[in-house]
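Trainee: I would like to learn how to read a two-chain model. Where do we begin?

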Amino acid sequence: MSDPFLIIPCSGIGKPFGTISREATYCVVEDLKKGETDTICLSLLVMGDEDAKLRVRSHRCIAIDGCPNECAKRNLELSEAKLVANFRAVDILRKNRNLKPKNVTFLDEDGRKLARILAKKIALKADELNHKGVVS
Amino acid sequence: MSTPAIGVVSCSGECCVEGTISRIATRFVLEKLRPENTVTICLPLFSIGEEGERTFAKDFPTIAVEGCEKRCAGNVIEKFSGKTARSLVVSNLLKKWGVNGTGSRRELNDEGKKAALKVAEEIVAAMDDILQEVDDRT
């Protein structure tokens, strides 16, 4: 089995994007790619926790950001992580303008739909990256 | 005179249910309990050099809402901006209240939502305490 990916979502709580990025992460880690992926708290990296830094340097990481500030991606870069891909919830929203998430604290149905779309993209990317690593 | 703004900074805590309670409690304060003077700040913005966040936390009192004893929020604020005015640790509060079975990190159950509201009330009490101190000084 391939080395597990670390999926690291943004921790934004001001807009629905952060909540969508977290729900998408849980959907991958707990449902779609259970056992093949894991997550860690972004705030540990922000604080400079040594164990967290070692983990992101020794595993392939996928950053899931909410907004264009790209806090997850940029904090992974600052931690010299093995960053292999990144996604932004705001881009998923732009491609699905019929969905209009409003709630931040508890996602509404449109927010959940967007999270599922994002989660499928992350899972596909993990498959693609694993496939690339296989020598036939 | 308007009420002074207070920053409430939640740990991100994606890995544990206490982190989820921290974030939801912070949202309850912002949405329901003290919308007029609560400012929430995304913790990761501090380290990527966002001056707005750093300056706000230097100029206004902040409350760190921590999921666990690692106290990421408080440590980050103190590293980039200065001392926090108050700090709450959700795991300690849950232990003190004897609360168990709050649901998962992904989705709080009713017990978890009640606990988040109680944490939100603790944040409000800390805000009132800070405002009283400001009042006493002026």
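Mentor: With pairing. Two strands pair if DSSP finds at least two bridges between them. Helices (H or I, at least four residues) and strands (E, at least two) are DSSP runs, numbered from the N terminus. In chain B, an open sheet of 4 strands has the order β2-β1-β3-β4, with parallel pairing. Its edge strands are β2 (38-40) and β4 (86-89) of chain B, each of which pairs on one side only.

Trainee: What should I know about the model and its numbering?

Mentor: It is a predicted model: local features need pLDDT of at least 70, side-chain atom pairs count only at pLDDT 80 or more, and totals for chains, interfaces and linings use all residues. Residues are numbered from 1 along each chain as its sequence is written, while chains are lettered from A and ligands numbered from 1 in the order in which they are written.

Trainee: How many bridges join β1(B) to β2(B)?

Mentor: There are 3 bridges between strand β1 (residues 6-10) of chain B and β2(B), and the two run parallel. Take Val8(B): its bridge partner in β2(B) is Thr40(B).

Trainee: Which helices pack on the sheet of chain B?

Mentor: Residues are in contact if their C-beta atoms, placed from the backbone, lie within 7 Å. Axes are lines fitted to C-alpha atoms, for helices over the stretch in contact, and angles run from 0 to 180 degrees between N-to-C directions. Now the case. α5(B) packs on the sheet and touches β3 (62-66) and β4 of chain B, at about 60° to the direction of β4(B). Helix α6 (residues 110-137) of chain B packs on the sheet too, touching β1, β3 and β4 of chain B. The direction of α6(B) makes about 165° with that of β4(B).

Trainee: At what angle do α1(B) and α5(B) cross?

Mentor: Angles have classes: under 35 degrees is roughly parallel, over 145 roughly antiparallel, 65 to 115 roughly perpendicular, and the rest oblique. The axes of α1(B) and helix α5 (residues 90-97) of chain B cross at roughly 100° and come within 9 Å. The two helices are therefore roughly perpendicular to each other. Glu18(B), Ile21(B) and Ser22(B) of α1(B) meet Val90(B), Ser91(B) and Leu94(B) of α5(B).

Trainee: What residue classes make up that contact?

Mentor: Ala, Val, Leu, Ile, Met, Phe, Trp, Tyr, Cys and Pro count as nonpolar, Asp, Glu, Lys and Arg as charged, and the others, Gly among them, as polar. The contact of α1(B) with α5(B) has 3 nonpolar, 2 polar and 1 charged.

Trainee: How do I read the interface?

Mentor: The size of an interface is often given as the accessible area lost when the parts come together. Here we count residues. 26 residues of chain B are in contact with 26 residues of chain A. α1 (17-33), α2 (44-47) and α4 (72-80) of chain B each supply at least two residues of the side that touches chain A. α1(B) gives the most, with 6 residues. That side of chain B has 12 nonpolar, 8 polar and 6 charged residues.

Trainee: What pattern does chain A follow?

Mentor: Along the sequence, chain A reads β-α-β-α-α-β-α-β-α-α. That gives 6 helices and 4 strands. Its open sheet of 4 strands has the order β2-β1-β3-β4, with parallel pairing. 6 bridges join strand β3 (residues 60-65) of chain A to β4(A). One pair is Ile64(A) with its bridge partner Phe87(A) in β4(A). Helix α4 (residues 71-78) of chain A packs on the sheet, touching β1, β3 and β4 of chain A.

Trainee: Which residues of α4(A) are buried?

Mentor: Count neighbours. A residue is buried if 20 or more other C-beta atoms lie within 10 Å of its own, exposed if 12 or fewer, and partly exposed in between, with C-beta atoms placed from the backbone. In α4(A), the buried residues are Cys71(A), Ala72(A), Lys73(A), Asn75(A) and Leu76(A). They pack against β1, α2 (42-47), α3 (50-58), β3 and β4 of chain A, together with α2 of chain B. Just after α4(A), Glu80(A) takes a positive phi of about 55°.

Key. Two residues are in contact if their C-beta atoms, placed from the backbone, lie within 7 Å.
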